[in-house]
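Work through the salt-bridge exercises below. Keep the sequence and the model open as you go.

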Amino acid sequence: MTRFSRRGFMAASAAMAASLAVPARLRAATAPLSLTATTRVIEVGGRAATVMGLLNAQGRLGLTLDTDQRFRVDLTNALPVETIIHWHGQIPPNAQDGVPNTNPMLKPGETRGYDYAPRPGTFWMHSHLPEQEIGLLAAPLILRSAEDLRADRQEVVMFLHDFAFRPPEEVLAEVTGGMAMDHGSMNHGAPAGMDHSAMGHGSMGTMGEMSGMAMDLNDFNFDAYLANDRTLDDPEVIAVEPGGRIRLRVINGASMTAFWVDTGTPARLVAVDGEPVQPLPGDRFSIAPAQRLDIEINLPADGAALPILALREGARERTGIVLAPKGAAIPRMATLSDEAHPPVSGDMRQELALRAVTSLPERPVQNRQMVMLGGAMQPYVWTINDRTWDNRTPVAAKNGERVELMFHNMSMMAHPMHLHGHVFQVVEVNGTRFAGALRDTVHVPAMGSVTIAFDAGEVAPWMLHCHHMGHLATGMMTELAVSA
């Protein structure tokens, strides 16, 4: 593959060139930010581990941009293998989206430039190769709005991941090669003999009625679950002011794990996937792989430390961070709870309660389609419309059309479905119609359905896939083919 300079890559398509149509004086005024895909060493449970990461010019994980700042980034691949980075939830020109089927892979030692107008909110970036995402080639991408800059509050990021000491290729091979967790016993990461079918499914009703059948949950027992690269027995402690206000930006960068986020004090969910929602009060919120939550917290005035926990669904593992005023005693916390946490998958009460601050404009739906999600643990193959990626039939749409897609899940496992290049609105869950949240990733419950609405964007093929890396790797991936 030919080495691409930034200028050469930017000229690769007319769409990309159009994204650069800003005055030369403005482009010259701000130097590109530096981002490097590389390896790094972290400590997990007292052991050193070499993982991947996306480091900024200061050697820290991820990027933060402020209001009206263009996404001008020079990405360098310092890994010994090819990679490609997707800007999850952002809507760049298709030629900058960062996926292997439409964008050239970034060769070792190559630097490529990206330049587009970003969307404000809580986002993230990650390799679009499953093994590399399992290997922690991911990082936060925070784009602060004018309101964020004005607000009298402290911002805190909690980036979640699942971690294995084994090479990512071995993890994926075990999961996809027929050796994934036997969900018949459902004792994965939980006390022996635990019956997941008794964990509240019978009362779900329209939030995922399972007729007494147990859902499949976790496919792999990871060695650790990380928040900001650390485990709960050695958490990151973030200095805060007693009685202060926090905007907690939670990013689930885990490759295969859903969590509950437990704030330990009354809080308000104010945005999902970077999009504002009507404040939803609570102290425990669900988050599927690839989703994000913005949570506002008024800290207690007593000066006590406040742990923020992420609880692995259907199991005992947990991770988190600690918000601590000066002088506060830091509690010692185990990485295992006494009891297993309830499943996130299938519990759609949070999704049904969310309402967008600004809904999609009302207009007739011109394109309605059903997207069937299927698959099973044995053999471990996951499909969209009964097809894997290699023999996919793209979902067709025309530029500017109002589209509704019903994800109809005929499998016993929930699927976090992600659509590239678009923001969609959740408009129906299991037959209940409502004007829900704007999102880019929605969790579709086992044996349930979720309908999304959006206006078809740039004429191009846009990836549509499950964000569980085992499912993606074995076929649960297709394209939204937008034509003129």
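**Exercise 1.** Classify Glu404 as buried or exposed, then find its salt-bridge partner.

Solution. Glu404 has 6% relative accessibility, so Glu404 is buried (under 20% relative accessible area; exposed is over 50%, partly exposed in between; 1.4 Å probe, protein chains only). Its partner is Arg368, at 3.7 Å from N to O. This is a salt bridge: a side-chain nitrogen of Lys or Arg within 4 Å of a carboxyl oxygen of Asp or Glu. Arg368 is exposed, at 59%. Glu404 sits in strand S21 (residues 402–409) and Arg368 in strand S18 (residues 367–376), 36 residues apart. Strands (E, at least two residues) and helices (H or I, at least four) are DSSP runs, numbered from the N terminus.

The model is predicted: local features need pLDDT of at least 70, side-chain atom pairs pLDDT 80 or more, while totals for chains, interfaces and linings use all residues. Numbering starts from 1 along each chain as its sequence is written, and side-chain values use heavy atoms, without hydrogens and water.

**Exercise 2.** Which residue forms a salt bridge with Asp115?

Solution. Arg70 does, with the closest N and O atoms 2.6 Å apart. Asp115 lies in strand S6 (residues 111–116), Arg70 in the loop between S3 and S4, 45 residues away. Asp115 is buried, at 1%.

**Exercise 3.** Explain what the Asp66–Arg144 salt bridge ties together.

Solution. The N to O distance is 3.5 Å. Asp66 is in the loop between strands S3 (63–65) and S4 (71–77), and Arg144 in the loop between strand S8 (138–143) and helix H5 (146–150), so the pair joins parts 78 residues apart in sequence. Asp66 is partly exposed at 33%. Arg144 is also partly exposed, at 23%. Both belong to a salt-bridge network whose members include Glu147, Arg153 and Asp294.
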